[in-house]
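Visitor: I have a structure open and some questions about it. Can we go through the contacts and then the fold?

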Amino acid sequence: MGSPKGVGESSRDRLRRQLAERTGTRAKDWHVVFKARYGMEAVFEVLRELRGGGSVVTQLMTCCTAVDPIVAAGLVPHYGELSERTLALDPAKLPLTSDLRAVVLQHSFGIIERKSDCRLADAAHAAGAILVEDSAHCLARLSRGNEGEPLADVSVHSFGVQKMVQTYFGGAVWVNPDMRDRALKDELSRRLSSLPEMPRRLSRAARSYAWQIRVFMRLPGPLRKAFAAMQNFEQPIVDAERAGKLPYEPMAADEGVSQRASWALEGLGKVETTHRASVESYRRELASQGVLRYVEIPAAALEGEAQPLLRLPVVMGSQAKAQRALSALRGRGIYAQDWYRPVLYPGAGDPAVYHFDGDLRPWPVCERIVAGILNLPCDGDPGQVREAIGCLLDVAQS
(Lines give C-alpha, C1' and ligand atoms only; values in the text may rest on other atoms or scores of the structure.)
Protein backbone atom coordinates (compact mmCIF):
# COMPACT_ATOMS: atom_id res chain seq x y z
CA MET A 1 0.00 0.00 0.00
CA GLY A 2 1.16 3.58 -0.68
CA SER A 3 1.64 6.19 2.00
CA PRO A 4 -1.41 8.26 3.05
CA LYS A 5 -1.78 11.50 1.15
CA GLY A 6 0.49 14.15 2.57
CA VAL A 7 2.78 11.82 4.55
CA GLY A 8 6.40 12.54 3.70
CA GLU A 9 5.50 15.47 1.44
CA SER A 10 7.67 18.52 1.37
CA SER A 11 5.88 21.82 1.97
CA ARG A 12 6.47 22.73 -1.66
CA ASP A 13 4.90 19.48 -2.90
CA ARG A 14 1.96 19.90 -0.53
CA LEU A 15 1.37 23.41 -1.87
CA ARG A 16 1.46 22.14 -5.44
CA ARG A 17 -1.03 19.43 -4.54
CA GLN A 18 -3.34 21.95 -2.85
CA LEU A 19 -3.26 24.22 -5.89
CA ALA A 20 -4.03 21.27 -8.15
CA GLU A 21 -6.95 20.14 -5.98
CA ARG A 22 -8.46 23.64 -5.93
CA THR A 23 -8.18 24.05 -9.70
CA GLY A 24 -8.84 20.51 -10.97
CA THR A 25 -5.36 20.31 -12.49
CA ARG A 26 -2.25 18.19 -11.90
CA ALA A 27 0.28 18.93 -9.18
CA LYS A 28 3.21 18.33 -11.52
CA ASP A 29 2.12 21.24 -13.72
CA TRP A 30 2.48 23.72 -10.82
CA HIS A 31 5.79 25.36 -9.95
CA VAL A 32 6.36 27.32 -6.72
CA VAL A 33 8.57 30.40 -6.94
CA PHE A 34 10.02 33.10 -4.65
CA LYS A 35 7.72 35.77 -6.11
CA ALA A 36 5.23 35.64 -8.97
CA ARG A 37 7.18 38.26 -10.94
CA TYR A 38 10.22 35.97 -11.09
CA GLY A 39 8.15 33.05 -12.29
CA MET A 40 6.78 35.28 -15.02
CA GLU A 41 10.30 36.37 -15.94
CA ALA A 42 11.36 32.73 -16.35
CA VAL A 43 8.40 32.15 -18.67
CA PHE A 44 9.30 35.11 -20.88
CA GLU A 45 12.98 34.12 -20.92
CA VAL A 46 12.12 30.68 -22.26
CA LEU A 47 9.73 32.22 -24.77
CA ARG A 48 12.45 34.54 -26.09
CA GLU A 49 15.02 31.76 -26.25
CA LEU A 50 12.77 29.40 -28.22
CA ARG A 51 10.94 31.90 -30.43
CA GLY A 52 13.33 34.84 -30.57
CA GLY A 53 12.91 38.44 -29.53
CA GLY A 54 9.59 40.13 -30.04
CA SER A 55 6.69 41.83 -28.31
CA VAL A 56 4.28 41.04 -25.50
CA VAL A 57 0.92 42.78 -25.40
CA THR A 58 -0.07 43.88 -21.92
CA GLN A 59 -1.85 46.84 -20.34
CA LEU A 60 -0.72 50.10 -18.81
CA MET A 61 -3.23 49.91 -15.98
CA THR A 62 -1.09 47.51 -14.01
CA CYS A 63 1.80 47.41 -11.56
CA CYS A 64 5.29 48.07 -12.90
CA THR A 65 6.32 44.69 -11.47
CA ALA A 66 3.93 43.00 -13.93
CA VAL A 67 5.81 44.56 -16.85
CA ASP A 68 9.32 44.22 -15.40
CA PRO A 69 9.45 40.50 -16.30
CA ILE A 70 8.83 41.32 -19.97
CA VAL A 71 11.57 43.96 -20.08
CA ALA A 72 14.01 41.93 -17.96
CA ALA A 73 13.58 38.92 -20.24
CA GLY A 74 14.56 40.97 -23.30
CA LEU A 75 11.10 41.28 -24.85
CA VAL A 76 9.26 44.50 -25.71
CA PRO A 77 5.98 45.46 -24.02
CA HIS A 78 3.26 46.78 -26.32
CA TYR A 79 0.14 48.19 -24.72
CA GLY A 80 -3.45 47.47 -25.61
CA GLU A 81 -6.62 49.35 -24.78
CA LEU A 82 -8.65 48.46 -21.71
CA SER A 83 -12.09 46.91 -21.73
CA GLU A 84 -14.53 48.98 -19.67
CA ARG A 85 -16.34 45.78 -18.71
CA THR A 86 -13.37 43.89 -17.28
CA LEU A 87 -10.42 46.26 -16.85
CA ALA A 88 -8.44 43.68 -18.81
CA LEU A 89 -7.26 44.02 -22.40
CA ASP A 90 -10.03 44.66 -24.92
CA PRO A 91 -9.81 41.68 -27.30
CA ALA A 92 -11.20 43.79 -30.16
CA LYS A 93 -8.37 46.33 -29.89
CA LEU A 94 -5.23 44.25 -29.53
CA PRO A 95 -2.13 45.70 -31.24
CA LEU A 96 -1.20 42.51 -33.09
CA THR A 97 2.28 42.52 -34.63
CA SER A 98 4.24 40.05 -36.72
CA ASP A 99 6.66 39.42 -33.84
CA LEU A 100 4.01 38.90 -31.16
CA ARG A 101 5.12 36.33 -28.59
CA ALA A 102 2.51 36.58 -25.83
CA VAL A 103 -0.65 38.33 -24.67
CA VAL A 104 -1.18 38.97 -20.96
CA LEU A 105 -4.68 38.49 -19.53
CA GLN A 106 -4.73 40.40 -16.24
CA HIS A 107 -7.66 39.65 -13.96
CA SER A 108 -7.73 43.14 -12.47
CA PHE A 109 -9.00 43.04 -8.89
CA GLY A 110 -9.99 39.41 -9.47
CA ILE A 111 -12.54 40.05 -12.25
CA ILE A 112 -12.91 37.04 -14.55
CA GLU A 113 -15.31 37.09 -17.51
CA ARG A 114 -15.42 33.94 -19.60
CA LYS A 115 -16.73 35.46 -22.85
CA SER A 116 -14.14 38.24 -23.04
CA ASP A 117 -11.35 35.93 -21.91
CA CYS A 118 -12.24 33.40 -24.61
CA ARG A 119 -12.03 36.12 -27.27
CA LEU A 120 -8.65 37.22 -25.95
CA ALA A 121 -7.33 33.65 -25.98
CA ASP A 122 -8.59 33.13 -29.52
CA ALA A 123 -6.96 36.36 -30.71
CA ALA A 124 -3.64 35.47 -29.08
CA HIS A 125 -3.56 31.97 -30.52
CA ALA A 126 -4.63 33.14 -33.98
CA ALA A 127 -1.63 35.49 -33.94
CA GLY A 128 0.72 32.63 -33.00
CA ALA A 129 1.20 33.91 -29.45
CA ILE A 130 0.65 32.28 -26.09
CA LEU A 131 -1.81 33.55 -23.48
CA VAL A 132 -0.24 34.33 -20.11
CA GLU A 133 -2.83 34.69 -17.36
CA ASP A 134 -2.03 37.08 -14.52
CA SER A 135 -4.06 35.73 -11.60
CA ALA A 136 -2.19 37.70 -8.93
CA HIS A 137 -5.52 39.07 -7.63
CA CYS A 138 -7.41 35.78 -7.79
CA LEU A 139 -5.22 33.09 -6.30
CA ALA A 140 -6.01 29.56 -7.49
CA ARG A 141 -8.69 30.72 -9.93
CA LEU A 142 -8.28 30.02 -13.66
CA SER A 143 -10.28 31.50 -16.51
CA ARG A 144 -12.03 28.68 -18.37
CA GLY A 145 -13.56 28.14 -21.77
CA ASN A 146 -16.99 26.91 -22.82
CA GLU A 147 -16.18 23.30 -21.91
CA GLY A 148 -14.57 24.19 -18.61
CA GLU A 149 -11.04 23.91 -19.97
CA PRO A 150 -8.37 26.37 -18.75
CA LEU A 151 -7.84 29.08 -21.36
CA ALA A 152 -4.30 30.14 -20.58
CA ASP A 153 -1.10 28.51 -21.73
CA VAL A 154 0.56 29.77 -18.56
CA SER A 155 -1.14 31.04 -15.41
CA VAL A 156 0.73 33.06 -12.76
CA HIS A 157 -0.48 33.33 -9.15
CA SER A 158 0.73 35.32 -6.13
CA PHE A 159 0.86 34.89 -2.37
CA GLY A 160 2.46 38.32 -2.06
CA VAL A 161 1.73 41.59 -0.35
CA GLN A 162 -1.90 42.82 -0.45
CA LYS A 163 -3.21 39.74 -2.20
CA MET A 164 -5.97 37.28 -1.26
CA VAL A 165 -3.80 35.65 1.40
CA GLN A 166 -1.12 37.48 3.38
CA THR A 167 2.01 35.37 3.24
CA TYR A 168 3.99 38.27 1.71
CA PHE A 169 6.26 36.01 -0.36
CA GLY A 170 5.68 33.16 -2.76
CA GLY A 171 4.13 32.65 -6.15
CA ALA A 172 3.07 29.78 -8.36
CA VAL A 173 3.14 29.20 -12.12
CA TRP A 174 0.91 26.68 -13.86
CA VAL A 175 1.94 25.38 -17.28
CA ASN A 176 -0.93 24.03 -19.38
CA PRO A 177 -0.12 20.40 -20.30
CA ASP A 178 -2.31 20.78 -23.40
CA MET A 179 -0.33 23.72 -24.79
CA ARG A 180 -0.18 23.50 -28.59
CA ASP A 181 3.57 24.12 -28.74
CA ARG A 182 4.87 20.94 -27.10
CA ALA A 183 8.51 22.00 -27.23
CA LEU A 184 7.69 25.24 -25.47
CA LYS A 185 5.59 23.43 -22.87
CA ASP A 186 8.36 20.94 -22.14
CA GLU A 187 11.05 23.60 -21.82
CA LEU A 188 8.86 25.81 -19.60
CA SER A 189 8.19 22.85 -17.31
CA ARG A 190 11.85 21.85 -17.25
CA ARG A 191 13.10 25.38 -16.54
CA LEU A 192 10.57 26.13 -13.82
CA SER A 193 11.09 22.79 -12.09
CA SER A 194 14.87 23.27 -12.00
CA LEU A 195 15.07 26.83 -10.64
CA PRO A 196 17.60 27.26 -7.81
CA GLU A 197 16.12 27.69 -4.37
CA MET A 198 16.10 31.14 -2.80
CA PRO A 199 19.24 31.79 -0.68
CA ARG A 200 19.33 31.86 3.11
CA ARG A 201 19.45 35.65 3.24
CA LEU A 202 16.08 35.86 1.51
CA SER A 203 14.75 33.07 3.72
CA ARG A 204 15.62 35.13 6.79
CA ALA A 205 14.04 38.21 5.22
CA ALA A 206 10.86 36.28 4.47
CA ARG A 207 10.60 34.97 8.04
CA SER A 208 10.95 38.41 9.61
CA TYR A 209 9.07 40.43 6.99
CA ALA A 210 5.81 40.91 8.91
CA TRP A 211 7.68 42.54 11.82
CA GLN A 212 9.99 44.52 9.53
CA ILE A 213 7.23 46.04 7.42
CA ARG A 214 5.41 47.23 10.55
CA VAL A 215 8.58 48.99 11.68
CA PHE A 216 9.22 50.38 8.19
CA MET A 217 5.75 51.90 7.86
CA ARG A 218 6.10 53.72 11.19
CA LEU A 219 9.47 55.30 10.44
CA PRO A 220 9.75 58.94 9.30
CA GLY A 221 10.86 59.46 5.71
CA PRO A 222 14.60 60.05 6.32
CA LEU A 223 14.93 56.81 8.29
CA ARG A 224 13.03 54.67 5.81
CA LYS A 225 15.86 54.81 3.29
CA ALA A 226 18.35 53.56 5.85
CA PHE A 227 16.01 50.79 7.00
CA ALA A 228 15.32 49.78 3.39
CA ALA A 229 19.06 49.35 2.84
CA MET A 230 19.22 46.64 5.51
CA GLN A 231 20.46 43.38 4.05
CA ASN A 232 17.58 41.32 5.41
CA PHE A 233 14.71 43.62 4.47
CA GLU A 234 12.83 43.11 1.21
CA GLN A 235 10.58 46.03 0.23
CA PRO A 236 7.43 45.20 -1.77
CA ILE A 237 8.79 47.31 -4.68
CA VAL A 238 12.37 48.59 -4.87
CA ASP A 239 13.70 51.41 -7.04
CA ALA A 240 15.13 48.99 -9.62
CA GLU A 241 11.65 47.56 -10.13
CA ARG A 242 10.44 51.00 -11.16
CA ALA A 243 13.11 51.00 -13.85
CA GLY A 244 12.30 47.79 -15.70
CA LYS A 245 14.66 45.59 -13.70
CA LEU A 246 14.35 42.71 -11.27
CA PRO A 247 16.98 42.48 -8.52
CA TYR A 248 17.35 38.68 -8.62
CA GLU A 249 17.37 35.82 -11.08
CA PRO A 250 14.28 33.56 -11.07
CA MET A 251 14.31 31.21 -8.09
CA ALA A 252 12.12 28.65 -6.38
CA ALA A 253 10.47 29.21 -3.00
CA ASP A 254 12.14 27.47 -0.07
CA GLU A 255 10.39 25.23 2.44
CA GLY A 256 9.59 28.11 4.81
CA VAL A 257 7.86 30.25 2.19
CA SER A 258 6.10 27.18 0.78
CA GLN A 259 4.90 26.13 4.22
CA ARG A 260 3.43 29.54 5.03
CA ALA A 261 1.72 29.64 1.64
CA SER A 262 0.32 26.15 2.19
CA TRP A 263 -1.11 27.10 5.58
CA ALA A 264 -2.65 30.23 4.10
CA LEU A 265 -4.15 28.33 1.18
CA GLU A 266 -6.03 26.13 3.63
CA GLY A 267 -8.00 29.20 4.67
CA LEU A 268 -8.58 30.59 1.17
CA GLY A 269 -12.12 29.23 0.97
CA LYS A 270 -13.14 31.22 4.05
CA VAL A 271 -11.44 34.34 2.67
CA GLU A 272 -13.28 33.98 -0.63
CA THR A 273 -16.61 33.60 1.16
CA THR A 274 -15.98 36.89 2.98
CA HIS A 275 -15.04 38.67 -0.24
CA ARG A 276 -18.06 37.33 -2.14
CA ALA A 277 -20.35 38.50 0.63
CA SER A 278 -18.73 41.93 0.55
CA VAL A 279 -19.22 42.17 -3.22
CA GLU A 280 -22.89 41.22 -2.79
CA SER A 281 -23.25 43.96 -0.16
CA TYR A 282 -21.69 46.51 -2.50
CA ARG A 283 -24.12 45.50 -5.24
CA ARG A 284 -27.10 46.01 -2.95
CA GLU A 285 -25.89 49.38 -1.69
CA LEU A 286 -24.98 50.62 -5.17
CA ALA A 287 -28.51 49.85 -6.31
CA SER A 288 -30.34 51.16 -3.26
CA GLN A 289 -28.38 54.42 -2.99
CA GLY A 290 -28.43 55.13 -6.74
CA VAL A 291 -24.67 55.65 -6.89
CA LEU A 292 -24.31 54.18 -10.40
CA ARG A 293 -25.76 57.40 -11.81
CA TYR A 294 -22.59 59.16 -10.68
CA VAL A 295 -19.77 56.60 -10.69
CA GLU A 296 -18.69 53.76 -12.96
CA ILE A 297 -18.14 50.14 -11.93
CA PRO A 298 -16.88 47.54 -14.46
CA ALA A 299 -19.98 45.65 -15.59
CA ALA A 300 -18.32 42.26 -15.16
CA ALA A 301 -18.01 42.99 -11.42
CA LEU A 302 -21.76 43.59 -11.13
CA GLU A 303 -23.22 40.83 -13.29
CA GLY A 304 -23.79 37.14 -12.67
CA GLU A 305 -22.69 35.30 -9.56
CA ALA A 306 -20.66 37.48 -7.21
CA GLN A 307 -16.94 36.88 -7.55
CA PRO A 308 -14.51 37.01 -4.61
CA LEU A 309 -12.88 40.26 -5.73
CA LEU A 310 -9.72 41.43 -4.00
CA ARG A 311 -11.04 45.00 -4.15
CA LEU A 312 -13.98 46.73 -5.83
CA PRO A 313 -12.84 49.20 -8.51
CA VAL A 314 -14.75 52.49 -8.74
CA VAL A 315 -14.24 55.17 -11.39
CA MET A 316 -15.16 58.68 -10.30
CA GLY A 317 -15.94 61.50 -12.71
CA SER A 318 -12.50 63.08 -12.44
CA GLN A 319 -9.13 62.69 -10.81
CA ALA A 320 -9.99 65.47 -8.37
CA LYS A 321 -13.14 63.67 -7.24
CA ALA A 322 -11.27 60.39 -6.98
CA GLN A 323 -8.72 62.01 -4.70
CA ARG A 324 -11.40 63.67 -2.58
CA ALA A 325 -13.23 60.39 -2.24
CA LEU A 326 -10.02 58.59 -1.29
CA SER A 327 -9.30 61.13 1.44
CA ALA A 328 -12.88 61.03 2.73
CA LEU A 329 -12.93 57.23 2.87
CA ARG A 330 -9.63 57.01 4.67
CA GLY A 331 -10.81 59.71 7.05
CA ARG A 332 -13.60 57.33 8.06
CA GLY A 333 -11.19 54.47 8.60
CA ILE A 334 -12.03 52.71 5.32
CA TYR A 335 -8.86 51.36 3.69
CA ALA A 336 -9.45 52.61 0.16
CA GLN A 337 -6.60 52.56 -2.36
CA ASP A 338 -5.61 54.34 -5.57
CA TRP A 339 -4.46 51.27 -7.55
CA TYR A 340 -3.62 51.98 -10.53
CA ARG A 341 -3.20 55.70 -10.56
CA PRO A 342 -0.70 56.41 -12.07
CA VAL A 343 -0.22 53.74 -14.72
CA LEU A 344 2.64 51.28 -14.19
CA TYR A 345 1.74 51.68 -10.52
CA PRO A 346 3.17 53.13 -8.33
CA GLY A 347 4.79 54.94 -11.24
CA ALA A 348 7.77 54.34 -13.50
CA GLY A 349 11.04 56.07 -12.73
CA ASP A 350 11.67 56.30 -16.47
CA PRO A 351 8.63 55.45 -18.64
CA ALA A 352 10.87 55.07 -21.71
CA VAL A 353 12.36 51.92 -20.18
CA TYR A 354 8.87 50.46 -20.47
CA HIS A 355 8.55 51.63 -24.10
CA PHE A 356 5.99 54.21 -23.02
CA ASP A 357 6.29 57.94 -23.64
CA GLY A 358 3.91 58.99 -20.87
CA ASP A 359 1.08 59.99 -23.23
CA LEU A 360 -2.15 58.06 -22.60
CA ARG A 361 -4.13 59.60 -25.45
CA PRO A 362 -3.71 56.54 -27.73
CA TRP A 363 -5.65 54.59 -25.06
CA PRO A 364 -8.62 56.87 -24.20
CA VAL A 365 -10.49 54.27 -22.16
CA CYS A 366 -7.40 53.56 -20.08
CA GLU A 367 -6.75 57.29 -19.70
CA ARG A 368 -10.27 57.98 -18.42
CA ILE A 369 -10.39 55.02 -16.05
CA VAL A 370 -6.96 55.60 -14.56
CA ALA A 371 -7.71 59.30 -13.97
CA GLY A 372 -10.74 58.54 -11.80
CA ILE A 373 -10.01 55.15 -10.28
CA LEU A 374 -10.02 54.17 -6.65
CA ASN A 375 -10.81 50.84 -5.07
CA LEU A 376 -12.63 49.67 -1.99
CA PRO A 377 -11.81 46.84 0.42
CA CYS A 378 -13.81 43.65 0.00
CA ASP A 379 -13.29 42.22 3.46
CA GLY A 380 -15.58 44.51 5.47
CA ASP A 381 -19.00 43.99 7.01
CA PRO A 382 -22.26 45.37 5.53
CA GLY A 383 -22.05 48.42 7.77
CA GLN A 384 -18.67 49.41 6.40
CA VAL A 385 -19.87 48.77 2.85
CA ARG A 386 -22.91 51.01 3.43
CA GLU A 387 -20.72 53.77 4.84
CA ALA A 388 -18.25 53.52 1.93
CA ILE A 389 -20.97 53.81 -0.71
CA GLY A 390 -22.63 56.69 1.12
CA CYS A 391 -19.26 58.47 1.23
CA LEU A 392 -18.79 57.98 -2.52
CA LEU A 393 -22.26 59.38 -3.17
CA ASP A 394 -21.53 62.47 -1.09
CA VAL A 395 -18.37 63.20 -3.05
CA ALA A 396 -19.89 62.34 -6.44
CA GLN A 397 -22.79 64.75 -5.88
CA SER A 398 -20.64 67.60 -4.58
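Visitor: Which residue does Glu-303 form a salt bridge with?

Guide: Glu-303 pairs with Arg-85, and their closest N and O atoms are 2.7 Å apart. A salt bridge here is a side-chain nitrogen of Lys or Arg within 4 Å of a carboxyl oxygen of Asp or Glu.

Visitor: Where do the two sit in the chain?

Guide: Glu-303 is in the loop between H9 and S8, Arg-85 in the loop between S3 and S4, 218 residues apart. Helices (H or I, at least four residues) and strands (E, at least two) are DSSP runs, numbered from the N terminus.

Visitor: What kind of model is this?

Guide: The model is predicted, so local features need pLDDT of at least 70 and side-chain atom pairs pLDDT 80 or more, while totals for chains, interfaces and linings use all residues. Residues are numbered from 1 along each chain as its sequence is written, and side-chain values use heavy atoms, leaving out hydrogens and water.

Visitor: Is Glu-303 buried, partly exposed or exposed?

Guide: Glu-303 is partly exposed, at 43% relative accessibility. Buried means under 20% relative accessible area, exposed over 50%, and partly exposed in between (1.4 Å probe, protein chains only).

Visitor: And which other salt bridge has Arg-85 in it?

Guide: Arg-85 also meets the side chain of Glu-113, at 2.4 Å from N to O. Glu-113 lies in the loop between strand S4 (100-106) and helix H4 (114-126), so this pair ties together parts that are 28 residues apart in sequence. Glu-113 is buried at 16%, whereas Arg-85 is partly exposed at 32%.

Visitor: How many salt bridges in total?

Guide: The count comes to 19 salt bridges. Glu-49, Glu-187, Arg-190 and Arg-191 are linked in a network of them.

Visitor: Now the sheet. What is the strand order?

Guide: The order is S1-S7-S6-S5-S4-S2-S3, an open sheet of seven strands with mixed pairing. Strands pair if DSSP finds at least two bridges between them. S1 (30-33) and S3 (76-79) stand at the edges with a single partner strand each, so one side of each has no neighbour in the sheet.

Visitor: How does S1 pair with S7?

Guide: They are antiparallel, over four bridges. Val-33 stands opposite Gly-171 in S7.

Visitor: Back to H9. How long is that helix?

Guide: H9 (residues 268-289) has 22 residues and reaches 31 Å from first C-alpha to last, close to the 32 Å expected. The expected span is 1.5 Å times one less than the number of residues.

Visitor: What follows H9?

Guide: Gly-290 does, and its phi is positive, near 65°.
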